[in-house]
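Please read the following briefing beside the sequence and the model. It goes through surface, core and aromatic rings in turn.

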Amino acid sequence: MDINRTGHFGGSLLLFYGTLYVTTAGVDSVQALGLSAVAAAIAAAMSVKPDMDNKFLWGIFHRTWITHSLTTVIAATIMTYIFFSSVLKAGILSHYMTLAMFSATLSHVLLDSLTKKGVPFYGPFDNRMRGPRWFNGSSTVINYTFLVAGVLMALIYYGIIR
């Protein structure tokens, strides 16, 4: 069983805001506040999308390297950066949207690796299912723990909790 949308949403927020917290000095302008909030919402929404592959083509791509590997994380992150920085010439928005894509895809892969089934981390080069495989992803406690952790990280990043 997979981590559900609640867990993926929280995991993406946790990775997005955790990365911003470590790599920036915090919110220093209204622009940074707006961009980070919008990008975080996009990251959280996108983090639930890889499991949508279950609904198309009879789910034959679900939990394959196409949707659940580090190769896909890297490719999606690079394509997002190129699109926003080179095609749209979006300036600082490129940074936030690249981080949003990275957070959404990596958090999804990492969280699913924690479930009993694992993920093909190194696909397409090695399709063996890997990960700690600690728990059943349908656990309400686990999913809400990731949601609470993600929200707390956002509150820490915005300086609401110190």
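Tyr 21 lies in helix H1, where helices are DSSP runs of H or I with at least four residues, numbered from the N terminus. This is a predicted model, in which local features need pLDDT of at least 70 and side-chain atom pairs count only at pLDDT 80 or more, while totals for chains, interfaces and linings use all residues. Residues are numbered from 1 along each chain as its sequence is written, and side-chain values use heavy atoms, with hydrogens and water left out.

**Surface**
- Tyr 21 has a relative accessible area of 46% and is therefore partly exposed (buried is under 20%, exposed over 50%, partly exposed in between, with a 1.4 Å probe and protein chains only).

**Core**
- The largest nonpolar core has 18 residues, among which Phe 16, Tyr 17, Leu 20, Ala 39 and Tyr 96 touch the most other members (a core joins buried Ala, Val, Leu, Ile, Met, Phe, Trp, Tyr and Cys through side-chain atoms within 4.5 Å).
- Two or more residues of this core come from each of H1 (5-23), H2 (30-47), H4 (92-113) and H5 (140-157), and H2 gives the largest share, six residues.

**Aromatic rings**
- Six aromatic pairs are counted (ring centres of Phe, Tyr or the six-membered ring of Trp within 6.5 Å; planes under 30 degrees apart are stacked, over 60 edge-to-face, the rest tilted).
- Tyr 17 and Tyr 158 are edge-to-face, because their ring centres are 5.3 Å apart and their planes are at 65°.
- Tyr 17 lies in helix H1 and Tyr 158 in the segment after H5, so this pair ties together parts 141 residues apart in sequence.
- Tyr 17 is buried at 4% relative accessibility, whereas Tyr 158 is partly exposed at 24%.
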